[in-house]
Amino acid sequence: MWLYLAVLVGLYYLLRWYRERQVVSLLQDKFVFITGCDSGFGNLLARQLHLRGLRVLDACLTVQGAEQLKGQTSDRLETVILDVTKTESITAATKWVKEHARDRGVWGLVNKADISMPTAPSEWLTEQNFMKILDVNLLGVIEVTLSLLPLVRKARGRDVNISSVGPGVSLWWELLHVQVQC
Ligand SMILES: NC(=O)c1ccc[n+]([C@@H]2O[C@H](COP(=O)([O-])OP(=O)(O)OC[C@H]3O[C@@H](n4cnc5c(N)ncnc54)[C@H](OP(=O)(O)O)[C@@H]3O)[C@@H](O)[C@H]2O)c1
Ligand SMILES: *[C@@H]1O[C@H](CO)[C@@H](O)[C@H](O)[C@H]1NC(C)=O
């Protein structure tokens, strides 16, 4: 019994050691698409991955954001303008990604475009505030993912969704309020 247990634990550590030793090779051939690159985590990630030699395809909301990022990097990083709340913008960005990545596909898709909840008492907020959050932080992520999924599959890539707990907590707090009042 103890012997089996020791063997199992040994196997587990062996497997872990093996997995941790794996490194990704040929970074210069891998394309990563990141949304929300104008500022914050998306911007930082774009610059970090560019430094590590990956091919970075960056989606910025504004022209200024895109130009600033391009000015700080090299031609291994390319930018496109994307508003994740607009279907035609997502379609155009997907076409652009396809033209760049071609048969390599997208090895990494990072959904980072998001907005935070306005910090204000509930009475000051409108339904529009909530709809905007859902539009960018939820529906935007879903639509971008669905649109790029064939390219991600092609590269047997990965998808990473980054968002704040802030809007979620605020929405939950509102729901709780409504329930308490009912
Ligand atoms: N940074 C921190 O230390 C920290 C700590 C705790 C929690 N958080 C939360 O984590 C979240 C992300 O933080 P962050 O610093 O990376 O935020 P951020 O700088 O606001 O990044 C979000 C990015 O998404 C872009 N974006 C907004 N709407 C878009 C749309 N419709 N389509 C495409 N892109 C759009 C924004 O562009 P524009 O800039 O042009 O609007 C911005 O570049 C925030 O919600 C924040 O509250 C951040
Ligand atoms: C990211 O969000 C998309 C759209 O909701 C979803 O299909 C995908 O599974 C999510 N990815 C992860 C790693 O949670």
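How many strands form the open sheet, in what order do they lie, and is the pairing parallel or antiparallel?

Modeller: This is a predicted model, in which local features need pLDDT of at least 70 and side-chain atom pairs count only at pLDDT 80 or more, while totals for chains, interfaces and linings use all residues. Residues are numbered from 1 along each chain as its sequence is written, chains are lettered from A and ligands numbered from 1 in the order in which they are written, and side-chain values use heavy atoms, leaving out hydrogens and water.

The open sheet is formed by 5 strands in the order S3-S2-S1-S4-S5, and their pairing is parallel (helices, H or I with at least four residues, and strands, E with at least two, are DSSP runs numbered from the N terminus; two strands pair if DSSP finds at least two bridges between them). At the edges are strand S3 (77-81) and strand S5 (158-161), each of which pairs on one side only, and from one strand to the next the twist averages 15° (angles run from 0 to 180 degrees between N-to-C directions, along axes fitted to C-alpha atoms, for helices over the stretch in contact).

H4 lies across S1, S2 and S3 and runs at about 160° to S3, whereas H5 lies across S1, S4 and S5 and runs at about 175° to S4.

These helices also pack against each other: H4 and helix H5 (residues 127-154) have axes 10 Å apart and meet at an angle of about 20°, which makes H4 roughly parallel to H5 (under 35 degrees counts as roughly parallel, over 145 as roughly antiparallel, 65 to 115 as roughly perpendicular and the rest as oblique). In this contact Thr87, Ile90, Thr94, Val97 and Lys98 of H4 meet Glu143, Val144, Ser147, Leu148 and Leu151 of H5, and the residues of the contact divide into 5 nonpolar, 3 polar and 2 charged (Ala, Val, Leu, Ile, Met, Phe, Trp, Tyr, Cys and Pro count as nonpolar, Asp, Glu, Lys and Arg as charged, and the others, Gly among them, as polar).

Finally, Arg102 lies in the loop between helix H4 (87-101) and strand S4 (108-111), and its phi is near 45°, a positive value in a residue other than glycine.

Technical notes
Contact = heavy atoms within 4.5 Å.
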